[in-house]
Amino acid sequence: MPLLRSAALLVACLCIVVSACACRPHDAPSATPDPHDAGRARQNVAFVEAPSASASVALPAPEPPFDPDDPAFKADPEDFQPKTPARPGDWLARFKQRNQDFGEYVRSRPTTRTSVRRQIVIQPLGTFTDAERELLDKLREYMSVFFDTPTRLAPPMALPDHGLRKHHDDGRSWTQYHTVTLMQEVLRPNLPADAVCYLGVTMSDLYPEEGWNYVFGQATLEQRVGVYSLARYFPAFWGEKDTPEARQRGLVRSFKVLAHETGHMFSLEHCTRYECMMNGSNSLGEMDRAPGFLCPVCLKKLQWNLRFDVRARYGRLRDLYRREKIEPWASWIDKRLRRIGPAPAPL
Ligand SMILES: [Zn+2]
Ligand SMILES: [Zn+2]
């Protein structure tokens with residue numbers, strides 16, 4: 001369990017998100033949010049041949065529409081559970097957060113892709129074993145499917161020789177890296193121009209400031225950078241045996257945390273309404289209890305923002321989960337797809 005050395009700071013966050021939107025006033029929800037924000041530009045489009053045989057110009061495929069009445073956004077009780085009451089030590093027991101509803105999300109002018117900032121970029125920081133490099137490849141693919149956004153791995157970068165400390169706990173000691181140093185001195189100067197968000201990923205442990213014993217990750221949304229450690233999701237960190245089951249648990253946790261954190265990058269706040277991948281987590285145990293899918297409200301926000309085909313995205317996620325032997329998540333999608341049926345015909 002994460003614990004803090006300082007009695008003055010009795011919290012240990014799964015993630016810290018520094019966001020201007022957290023300070024934004026929450027207005028009354030709009031009944032008919034404008035799904036066609038003038039500032040948005042969809043670039044993640046497939047190209048199809050123009051209909052005329054003589055034409056040589058490729059046209060973008062039509063953007064999947066946003067339909068607020070799509071059954072995919074209905075909270076069928078068979079598939080979604082209201083948020084269960086917080087247990088002692090859980091995120092909502094420590095932080096009182098209200099839910100960001102769909103109208104608030106739309107009016108917050110969420111981060112989205114533009115004609116220039118069109119990719120998610122994952123930045124490996126430090127050294128990775130062969131197995132960990134395979135994990136990075138899987139994370140890259142997962143991000144591209146989950147957010148229906150091109151995602152690439154940047155060439156690895158070394159961790160800095162400053163902004164680090166030796167941490168001692170339970171008779172062991174190890175090096176931890178300072179998240180703010182990594183974001184401001186390593187990531188920001190290298191932020192790719194085409195990155196809608198730039199995610200530093202490391203297998204080393206992190207800390208955000210003195211007084212904290214560690215943090216899983218930290219992001220600053222305005223600057224579009226974040227840094228996350230996967231170290232604590234795997235048995236090597238705990239000095240435990242590296243078994244297939246432990247690796248699988250680490251993969252599931254890594255999928256969850258990257259999807260959750262990248263959701264923040266697209267301006268999704270913590271979900272307090274349903275059991276959902278965007279629930280805040282205050283410990284590994286709480287993160288393990290969270291489901292591996294977005295609730296219908298968070299899915300609606302993301303589809304409004306990124307305009308993916310909900311059913312095609314579900315299908316691609318289901319295939320990826322099945323390949324990675326995450327059968328409960330794959331079966332949930334099968335069930336969900338049967339319930340929501342085909343996309344409603346356009347009016
Ligand atoms: Zn979070
Ligand atoms: Zn949600």
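In this predicted model, strands β6 and β7 form a hairpin with 2 residues between them, and Asp170 in the turn has a positive phi of about 55 degrees. The two strands, β6 covering residues 164–169 and β7 residues 172–178, pair in the antiparallel sense over 6 bridges, where pairing requires that DSSP finds at least two bridges. Within this arrangement, His167 stands opposite Trp174 in β7. Strand β6 is hardly covered, the count of buried residues among its 6 residues being 0, where a residue is buried if 20 or more other C-beta atoms, placed from the backbone, lie within 10 Å of its own.

Helix α9 (residues 310–323) packs against helix α10 (residues 327–340) at an angle of about 155 degrees, with their axes 8 Å apart; axes are lines fitted to C-alpha atoms over the stretch in contact, and angles run from 0 to 180 degrees between N-to-C directions. The two helices are therefore roughly antiparallel to each other, a term applied to angles over 145 degrees. Their contact is made by residues including Tyr314 and Leu317 of α9 and Trp329 and Ile333 of α10, contact being defined by C-beta atoms, placed from the backbone, that lie within 7 Å.

The protein has 10 helices and 11 strands, taken as DSSP runs of H or I with at least four residues and of E with at least two, respectively, and numbered from the N terminus. Of its 347 residues, 37% count as buried.

Residues are numbered from 1 along each chain as its sequence is written, with chains lettered from A and ligands numbered from 1 in the order in which they are written. Local features need pLDDT of at least 70 and side-chain atom pairs count only at pLDDT 80 or more, whereas totals for chains, interfaces and linings use all residues.

Note on methods. Parallel < 35°, antiparallel > 145°, perpendicular 65-115°, else oblique. Contact = placed C-beta atoms within 7 Å. Buried ≥ 20, exposed ≤ 12 C-beta atoms within 10 Å, placed from the backbone.
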